[in-house]
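This report concerns one protein chain and is written for a reader who has its sequence and coordinates at hand.

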Amino acid sequence: MPLNRPILDDRSYEQLRDELIRRIPVYAPEWTDHNPSDPGITLIELFSFLGENLLYRFNQIPDATYMEFLRLLQIPMRPAVAARGLGILSTKTTGGVRAEKGTEAKAGEVAFETLTKVRVLPVSCLAVAKIAEDLPLPETEEGIYFKQAYESIGLDSEDKAAPYASELVPTESPGIPVDFDKAVDKMLWVAVLAEDADSVDAVRTQLAEHEDAPLLMNIGFVPEIRLDDLEKMTTAEFADRFRCPGEGAQSDVAPVQWSISTGTFDGDTPVYRTLNIEHDTTEGLTREGVVRLRLPRDLADMGDFPVDDPDMAGAGDLPPRLDDEDTEERIIFWLRAFHLEGSGFGKVLYVGANGVQLEQTRRAKAEFLGIGNGQPNQEYALIHKNAISGTLTLDVEEPDGWCAWTEVNGFYASGESDRHYLLDAEAGKVKFGTGLQGMVPQIGQRIRVRGYRYGGGAKGNVAPGAINKLTGVSGVKLTNPLAAHGGAEAEDIESALDRIPGELRRRDRAVTRDDFRELALMTPGADIGRAECLPLYHPEWPKADSAGVVSVFIWPREDADNPAAPLPNQNQLRSVCLWLDARRLVTTEVYVLPPKYRRIAVAVGLQVKSGYGVDAVRHWVELVIRQYLAPLPPYGPEGQGWPLGRRVHGPELEAAALQVEGVEYLVDLQVVGWDKNNNQIKTTVELEPDEVVELIAITVESGPVTVQPGEALRPTTMVKRPVPVPVLKDVC
C-alpha cells in the first residue's frame, strides 16, 4: 500500500472562515451583520487566509529534520572535482633541474600540484608531420625538385614516391590541429631543440654524459578533443569509436614505439635506436598526458643526420625537412613515434618537451584524528574538506603497532576482521564500521592520517598561460599552453535533496533507462547539459533491436564552437563512459554517443497587429522558434530540449509562433530539411531515432514569404576544402 504523509491539521480557508463566523454569536452577540461587506468579516477572511498558509507550512517536514533523515541514510554529498591541465617547464640550467611529484604550482591564488616528477632539461621541441600532397606537374619547378629528391634516394619512378609537405604542430598558441592520419608515413616526428645553435653540442653532451644518465625526458601530448568528421564515418567505425571498453580495461589501441635519431647511417639508411617508455599516461597517444622516455647514455646514440646532398633532405626515412634554417641548426636529435601496425595518431593539438600533468589539489600534512572508543559507527573529521578519494593513508595503532586500513565505498561486503573505513570526501570525514560489518578502533587506539590530497572547484578551469608559478624550484619557468578543464564545485544542499531519493532507488547502479540518463548527468566534472538513453539501440545496426545494448547520448552544457548544435568533446565522452561503465550490469554493453543533427531551415510570414512594432514582433517570433527547436534545456517543446527522433511538423511551429503577443495571424510558414543524399524535404521532416534538430537558417517576414527557407544556406555540399600547402622545392 502507498505510504501516506500524515496531515497534522488539514483545515482549508473556507473551513477556517466558516468556523470563525459561527463563533460570532457566542462571543459577540451584538455583531449581527455577517455579510462580506462588513469590515469585521474582511478581517476574519484575512485571518483565515493567513491561517491556511501557516497550516500548510505546519504540515511540511522542516528542512533540518529532512536533512537529518538523509544523513541517517549515509548517502554523502558529492565533493568538488579537481581541474586538470598540462604544464610545460623550461630552464636554462645546462644539467637540468629536478621537480618532484607533488610540487606546488599556482595560477594566482589557485593551487595545483604536479602528478609526475620531471627533470627539466634545457631543451624544447617541435612536432612535425609529413602531410601527403598531390604529385606536382613534371614541367614545374616543384616537379623538377621532386624528381631530384626521389632519384637521390635510389627510386627510378614517381610511382614509388609519396610527395609530402612538412606541417608543424603549433607551439606558441595552439589552435588548428595537425591531422597525422594524413601523414605519408603515419609517424609523429619530434625535433628536440637547443636554445640556440651554439649550444647544441654542449647540451647533447650533457644529456648523454650527465651524472644521472640515462636521463628521462617528459613529452607532453594533447590530441584534438573536438569531434568532427562524424558524417564521414561508417556505422561500424562510429560504433567502434564510442564503445565503452569496461572499467580498467585496456583499449584496443596498438602499441606505440618511440625511437631516437643517432646521426649515423648504415650505408644509405639512417639509423634509429628504440627508446624505452618508462611511463605513459596518454594511453598510446590517444589522450592528454605525458610520455616519459629513457634517453641513451652513449653520445653516439643521439644526433641529427648530416645530409651533404640537399636533394636528400627529408626524403625516405630521414626526418622531415624544416623550412626555417635557424630551427634546423638548433636540432639536437629527432624523436619519432609510430604504431607497429601502421595506423596514424589522428589530430594532434600540442606536443611539448618537459611536460607534466597538473591537478588542482594540495597535499595535506599528517593529522591526528583521535582515539578509538570501541563503539560502532565512529566518525572523525579531517582538517580539510573535499578530500580526494583514494589518496588518504590512514593508520590505527593496534597492539602489534601501527596498521594501515583500507578505504572502501561501503561496508556491505566487510566482515568483522576487515580493517575498512569510509571517506565522506565532501565533508572531510572518516567513518568506521559497526564491528559486524567492518572492524572498529578499540578503546585507547590512536588514529592518524599520514597524508591525503584535497581541493577542486570550477575556479581551477583557468585560461592558457595562467599557471605560471612553481613553488620551491628555482631556475624553472612554467606555463600551461592549453586551458585547464574538468573542475566542478561541490554539490549544494538543494541538488543533494533532489538527488538522494533517486540514489535510494538506483543504489548507484544503472539498470533502467532513467538510471543511465540521471547518472550520465551526474558525471563529476563532465559538465553535461542533457542526456538521453535508447535501450536496445546499437549504433552499428540502428534499425534492429540489440539485446543487452544501451546507448546514451549526451550534450555538453555549452559549446562555443557549435552553439546551435552542441557536441561533447572526447574528454566528456570518456568521463561519462567510465562513470557509467563502473555502474552498469555485467551483461550490459554500453555506448556513449554524441547526438546526430538533422539540418532544417524555416521561413515565416506573419501579420502584425496594429499598435505593435513590426521588427520587435519579428524578433520575438524568431526567438520563440529558435528556443522551441533548441536541443538543450530549458528550451524545447517540454523544456528538455528537442526530443530524440521527434519529427519537425510545420503546423506545430505555427502554434508556437502564434503564442507571441502581437501576431494577428500567420500568412505562411515553410519548413525545409535535407536527407543524407541532400534531397529537399518540405513541411514535415521525419527524424531518425538518434537525431535532433539543427536550425541552420530562419527568416521571419511581415507579409508573404519571399525568401525560400535556407535558400542562402542550403547545404549543397558538405565537403571541407583542403588547406593549400606548397610542395617542397629547392630555393637557389
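## Basis and overall build

The model is predicted, and local features need pLDDT of at least 70, side-chain atom pairs count only at pLDDT 80 or more, while totals for chains, interfaces and linings use all residues. Residues are numbered from 1 along each chain as its sequence is written, and side-chain values use heavy atoms, with hydrogens and water left out.

The chain contains 13 helices and 35 strands; these are DSSP runs numbered from the N terminus, helices being H or I of at least four residues and strands E of at least two. Along the principal axes, the C-alpha atoms fill a box of roughly 125 × 90 × 50 Å. Of the 732 residues, 46% are buried, where buried means under 20% relative accessible area, exposed over 50% and partly exposed in between, with a 1.4 Å probe and protein chains only. Taking contacts (heavy atoms within 4.5 Å) between residues at least 6 apart in sequence, 73% join residues at least 24 apart.

## The second largest pocket

The second largest pocket holds about 840 Å³ of space. A pocket is here an open set of points on a 1 Å grid over the protein atoms alone, where a 1.4 Å probe fits, with protein on both sides within 12 Å along at least five of seven lines; lining residues have an atom within 4 Å of a point. The volume is the space filled by probe spheres set on the points, which are joined across faces, edges and corners.

The lining of this pocket comprises 33 residues, and Leu89, Ser90, Val123, Ser124 and Cys125 lie nearest its centre. Two or more lining residues come from each of strand E1 (84-91), strand E6 (124-132), helix H6 (200-209), strand E15 (347-353) and strand E26 (476-479). By class, the lining divides into 15 nonpolar, 13 polar and five charged residues. In this scheme Ala, Val, Leu, Ile, Met, Phe, Trp, Tyr, Cys and Pro count as nonpolar, Asp, Glu, Lys and Arg as charged, and the others, Gly among them, as polar.

Which residues of E22 lie on each side, and are they buried or exposed? His420, Leu422 and Asp424 lie on one side and Tyr421 and Leu423 on the other, and all are buried. Strand E22 (residues 420-424) is accordingly mostly covered, with five of its five residues buried.

Strands count as paired if DSSP finds at least two bridges between them.

| Strand pair | Bridges | Sense |
|---|---|---|
| E21 (401-408) and E22 | three | parallel |
| E22 and E23 (429-432) | four | antiparallel |
| E27 and E28 (549-556) | seven | antiparallel |
| E32 (663-674) and E33 | three | antiparallel |

Thr406 has His420 in E22 as its bridge partner, and Leu423 has Val430 in E23. Four residues separate the strands in the hairpin of E22 and E23, where Gly428 takes a positive phi near 70°.

## The sheet E27-E28-E29

Three strands form an open sheet of mixed pairing in the order E27-E28-E29. Strand E27 (528-535) and strand E29 (589-593) are its edge strands, each pairing on one side only. Neighbouring strands are turned by 20° against each other on average, direction ignored. Ile528 stands opposite Pro556 in E28.

Helix H10 (residues 513-521) lies across E27, E28 and E29 and runs at about 155° to E27. Axes are lines fitted to C-alpha atoms, for helices over the stretch in contact, and angles run from 0 to 180 degrees between N-to-C directions.

The loop between helix H9 (493-506) and H10 contains Asp508. Asp508 is partly exposed, with a relative accessible area of 27%. Beyond its neighbours within four places in sequence, Asp508 is in contact with Glu503, Leu519 and Arg583. Asp508 and Leu580 are 72 residues apart in sequence, yet 9.8 Å apart in space, C-alpha to C-alpha.

## The sheet E33-E32-E30-E35

Four strands form an open sheet of mixed pairing in the order E33-E32-E30-E35. Strand E33 (680-682) and strand E35 (691-702) each have a single partner strand, so one side of each is left without a neighbour in the sheet. Gly673 has Ile681 in E33 as its bridge partner.

Helix H12 (residues 614-629) lies across strand E30 (596-608), E32 and E35, at about 170° to E35. Helix H13 (residues 650-657) lies across E30 and E32, at about 140° to E32.
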